[in-house]
Amino acid sequence: MNSPISRRTVTMSLLAGAAALGTPGAALAAPSPTEDEQSHRHRHERPTIVLIHGAFADASSWSAVVERLQRQGHHAVAPALPLRGLTSDAAYIRSVLDSIPGPIVLVGHSYGGAVISVAAANAPRVRALVYIAAFVPDIGESALELTGKYPGSTLAQATSTQYYPLPGGGQGEELVIKKELFREQFAAAVPATTAQVMAVGQRPITLAALQEKSTAAAWKEIPSWYLVATEDRNIPPAAEQWMAERARAHTVSVRAPHAVAVSDPAPVTELILRATRSAH
């Protein structure tokens, strides 16, 4: 008389057979990937491109660049920058970076360049920094200090000061570009109607943010790319070239105003793609 076969015996036999044959049943016993295995997989993923705008602009200034990146299958993120202070702005962007899995290419325009230089410090998943007509401060340098390093900026004459209440009392100072001067100062090659809309929607930046000294310089450790806008009236082109050379960045020059991502999105996108290809 044959002995009865228990349900446990049948179940264990089926799982053993599935494992031997490589059938889906084997996946039931597969271990979760380790941190090292996940890190290896991330190294071969297509990077996420994070685009940081600067002063007197907002995330929409990247729209034409984002469209081009998406058409080529890239994932882009363009967060709104508070423009309240370099340390706090960089901390906010760092929180965005920490929420993104896999490798990152970090792009900054104008004051956004100072922000990414701090935010990317000790961030191993940031594989490349791209500066678009941007500040690249060393530790202890401010955006205003770098603006005055070479002649050519007319920003001081084109801005006006506004006041806003501080949480603890008193008033803070913030700058905006005068609407009637916005196109000439910021977006000279942009169609007039587009520049008028940009002027209305411009984001003020605090004077304190432009005066605040950088506490980190991630470009010393992370490969960098730089686009010099040769018609820039915010940051002198000579200062842009000097900062690019100091950072040993892969550099291109474009005959464009400060708002180069709006006026000339094609070369901006191409430089970002070059950096992205190197980050795989």
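A salt bridge is taken here as a side-chain nitrogen of Lys or Arg within 4 Å of a carboxyl oxygen of Asp or Glu, and by this rule the count comes to 8 salt bridges. The model is a predicted one, in which local features need pLDDT of at least 70 and side-chain atom pairs count only at pLDDT 80 or more, while totals for chains, interfaces and linings use all residues. Residues are numbered from 1 along each chain as its sequence is written, and side-chain values use heavy atoms, with hydrogens and water left out. Helices (DSSP H or I, at least four residues) and strands (E, at least two) are DSSP runs numbered from the N terminus.

**Salt bridges**

- Arg-246 forms a salt bridge with Glu-141, their closest N and O atoms being 2.8 Å apart; the pair links distant parts of the chain, with Arg-246 in helix H11 (residues 237-246) and Glu-141, 105 residues apart from it, in the loop between strand S4 (126-134) and helix H6 (143-147).
- With burial defined by relative accessible area (buried under 20%, exposed over 50%, partly exposed in between, using a 1.4 Å probe and protein chains only), Arg-246 is partly exposed at 24%, whereas Glu-141 is buried at 14%.
- The side chains of Glu-231 and Arg-255 also meet in a salt bridge, at 3.3 Å from N to O; Glu-231 lies in the loop between strand S8 (224-229) and H11, and Arg-255 in the loop between strand S9 (250-254) and helix H12 (260-263), so the pair ties together parts that are 24 residues apart in sequence.
- In this pair Glu-231 is partly exposed, at 35% relative accessibility, and Arg-255 is exposed, with a relative accessible area of 69%.
- Arg-277 forms a salt bridge with Glu-270, with the closest N and O atoms 3.1 Å apart, and Glu-270 counts as partly exposed at 36% relative accessibility.

**Helix H11**

- The buried residues of H11 are Ala-239, Glu-240, Met-243 and Ala-244, and, seen down the helix axis, they fall within an arc of 135 degrees, so they line one face of the helix; the arc is that of the directions from the helix axis to the C-beta atoms.
- These buried residues pack against S4, H6, S8 and S9, where contact means heavy atoms within 4.5 Å.
- Just after H11, Arg-248 takes a positive phi of about 55 degrees.

- Ala-195, Met-198 and Ala-199 are the buried residues of H9, and they cover an arc of only 100 degrees around the axis, which puts them on the same side of the helix.
- The face of H9 turned away from this buried side carries the exposed residues Thr-193, Gln-196, Val-197 and Val-200, while what covers the buried residues includes helix H8 (182-186) and H12.
- Gly-201, in the loop between H9 and strand S7 (205-206), is partly exposed, with a relative accessible area of 36%.
- Gly-201 and Phe-56 are 145 residues apart in sequence and 8.3 Å apart in space, C-alpha to C-alpha.

**The largest pocket**

- A pocket is an open set of points on a 1 Å grid over the protein atoms alone, with protein on both sides within 12 Å along at least five of seven lines, and its lining residues have an atom within 4 Å of a point.
- The largest pocket is lined by 13 residues, of which Asp-58, Ser-60, Ser-61, Met-198 and Val-262 lie nearest its centre; helix H3 (63-71) and helix H9 (192-200) are the elements that give two or more residues to the lining, and H9 gives the most, with 3 residues.

Methods. 1 Å grid on protein atoms, 1.4 Å probe; cavity = no way out; pocket = protein on both sides within 12 Å on 5 of 7 lines; lining within 4 Å.
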